[in-house]
Amino acid sequence: MNTTEEPAGTDTAGPAVRPAVARGGPVSHALCRVARLHRTAAAALLRDLGLYPGQELVMMHLWESGPVIRQSDLVRMLGLDPSTVTKTLQRMEQAGHVRRLPDPADRRAVLVEPSDSGARMLAEVDRAWSTLEQESLAGLDEAEREQLLTLLGRVEANLSAYNAQGP
C-alpha cells in the first residue's frame with residue numbers, strides 16, 4: 001500500500017498515515033484528523049459537565065444572547081440545520097441544561113433558555129475551553145497562534161462561500 005507518514009503523536013494509536021488517495025488533499029486530510037482529535041479532547045473535558053461536543057456551543061450562544069432566545073435565531077447563530085439543533089436541544093432539555101417553551105408572541109416559535117443548572121456551568125465550560133486551547137496550541141508562540149487563527153479564518157471563509165454556492 002502506498003502511504004505517506006505524518007507527524008507522530010497525532011493520536012494514541014501512533015503516527016497517522018495518509019492514504020495515497022489523499023495525496024491531492026493533504027491539508028484536507030490534516031484538517032479531518034485535527035478536527036477528530038479536537039472533538040475527542042473536547043468530549044473528555046465536557047463529559048463531567050454532562051455535555052457532549054457541540055452542546056457547549058449552544059450554551060455559549062444562550063449565555064451570550066441573554067435570558068431567552070428564539071430557537072430559529074439559535075439555528076442561524078450556530079449555522080446548523082434546524083433538525084440538528086432541535087435534536088440537540090431535546091437531548092439538552094432531557095439532561096436538564098435548557099428549557100424550551102412556546103413563544104407567547106408567536107405560538108409557532110420556540111424559545112430556549114438555560115436552566116438553572118445550565119446557567120451555573122458557564123465558568124466550568126470556560127475552563128474546559130481554556131484547557132482545550134492550551135493543549136491544542138502547546139508549543140506554538142503567540143505569533144504562530146495568530147497566524148493559525150488568520151489562516152483558519154480564511155479557510156472557513158472559502159468553505160462558507162463554496163457551500164453557499166453549492167458544489
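This is a predicted model: local features need pLDDT of at least 70, side-chain atom pairs count only at pLDDT 80 or more; totals for chains, interfaces and linings use all residues.

Mentor: Start with the residues: E56, L57, M60 and W63 of α2 touch L122, V125 and W129 of α6. Sorted by class, that contact has 6 nonpolar residues, 1 charged and no polar. Now the geometry. Helix α2 covers residues 55-65 and α6 covers 122-136, and their axes come within 11 Å and cross at roughly 125°. The crossing of α2 over α6 is left-handed.

Next, α1. Its axis is 10 Å from that of α6, at an angle of about 145°, and here the crossing is right-handed. On the α1 side you'll find H38, A41, A42, L45 and L46, facing A128, T131, L132 and S136 of α6. This contact splits into 6 nonpolar and 3 polar residues, with no charged ones.

Now for the core. The largest nonpolar core has 21 residues, and the members touching the most others are L51, V58, L62, L74, L89 and V98. At least two residues each come from α1 (26-46), α2, α3 (71-78), α4 (82-94) and α6, with α2 giving the most, 4 residues. Have a look at L51 while you're there: leaving aside residues up to four places away in sequence, L51 touches L46, E56, M92, H97, M121 and V125. Two of these turn up in the helix contacts too: V125 in the one between α2 and α6, and L46 in the one between α1 and α6.

Key: Residues are numbered from 1 along each chain as its sequence is written. Side-chain values use heavy atoms; hydrogens and water are left out. Axes are lines fitted to C-alpha atoms, for helices over the stretch in contact, and angles run from 0 to 180 degrees between N-to-C directions. A crossing is left-handed if the near helix is turned anticlockwise from the far one by less than a right angle, and right-handed if clockwise. Contact means heavy atoms within 4.5 Å. Ala, Val, Leu, Ile, Met, Phe, Trp, Tyr, Cys and Pro count as nonpolar, Asp, Glu, Lys and Arg as charged, and the others, Gly among them, as polar. A nonpolar core is a set of buried Ala, Val, Leu, Ile, Met, Phe, Trp, Tyr and Cys residues joined through side-chain atoms within 4.5 Å. Buried means under 20% relative accessible area, exposed over 50%, partly exposed in between (1.4 Å probe, protein chains only).
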